[in-house]
Amino acid sequence: MVIISKDLPAGNIRVLSQEGSLSVIEEEQRDSRNEWFYWKFKAVFDAPGTYTFRFARPNKVGTRSAAVSFDRGASWEWLAQEQYESSQEFAFICAEPGEVWFCQGIPYLQREFDLFAGEFREHPAFHLSTLCKSRKGRGVELVTIREGSPALAVLLTSRHHCQEMSATHALEGIMRA
């Protein structure tokens, strides 16, 4: 048996049905009127076995299947190392009982940003401030990296929607360099 929950940072899944080791699920749309593809959930397994997670609609699973975390989001990896064919479901081979997190991509949330910013907070070129407030009142971070008084500046942004996580991972790499 598997218990599926959205009770984790950025979780948004709804269970439609469960029969044996097959769970039919869908992502919660929340603030969007249009169909969205971002999803994240945790599953608690009570026994080893192969479990299948099937989405109600296609085009929810990417080319490397699902991203998976065995340590509550501290680290992530892809389920598939080769091209994954199904866009509607993925199978997970559970070796032992426990909690596993799944996501449409490798997440980049506030925790990841705080860890990154914490590494550079004391660096003289690193400046953290607030760009603006979101519609829901959250402070939107602004990082400025500046040494000296350059004549020119470059503006880099990483994403416009929550699921565009890989862009933020890439931007973090640029800032580290």
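Strands β4 and β9 (residues 98-103) pair in the antiparallel sense over 6 bridges. The model is predicted. Two further topics follow from this region: the buried lysine K40 in β4 (residues 40-45), and helix α1 (residues 110-120) with its buried residues.

**Sheet**
- β4 and β9 belong to an open sheet of 5 strands, in the order β1-β4-β9-β6-β7, with antiparallel pairing.
- The edge strands of this sheet are β1 (2-5) and β7 (77-78), each of which pairs on one side only.
- A43 has V100 of β9 as its bridge partner.

**K40**
- K40 lies in strand β4.
- K40 is buried but has no salt bridge.
- The nearest side chain of opposite charge to K40 is that of E112, 6.9 Å away; a salt bridge would require the charged atoms to be within 4 Å.
- A polar atom of the K40 side chain lies 2.6 Å from the backbone oxygen of P9.
- Beyond its neighbours within four places in sequence, K40 is in contact with residues including L8, P9, A10, G11, N12 and I13.
- Other contacts of K40 include W76, W101, F102, C103, P107 and L109.

**Helix α1**
- E112, F113, F116, A117 and F120 are buried in α1.
- Seen down the axis of α1, these buried residues fall within an arc of 125°, so they line one face of the helix.
- L115 and E119 are exposed on the other side of α1.
- The buried residues of α1 pack against β10 (126-133), β11 (139-145) and α2 (165-176).

Definitions and conventions: Residues are numbered from 1 along each chain as its sequence is written. This is a predicted model: local features need pLDDT of at least 70, side-chain atom pairs count only at pLDDT 80 or more; totals for chains, interfaces and linings use all residues. Side-chain values use heavy atoms; hydrogens and water are left out. Helices (H or I, at least four residues) and strands (E, at least two) are DSSP runs, numbered from the N terminus. Buried means under 20% relative accessible area, exposed over 50%, partly exposed in between (1.4 Å probe, protein chains only). Lys and Arg count as positive and Asp and Glu as negative; His and the chain ends are not counted. A polar contact is a pair of N or O atoms within 3.5 Å; within protein, one must be able to donate a hydrogen and the other to accept it, and residues adjacent in sequence count only if both atoms are side-chain atoms. Contact means heavy atoms within 4.5 Å. The arc is that of the directions from the helix axis to the C-beta atoms. Two strands pair if DSSP finds at least two bridges between them.
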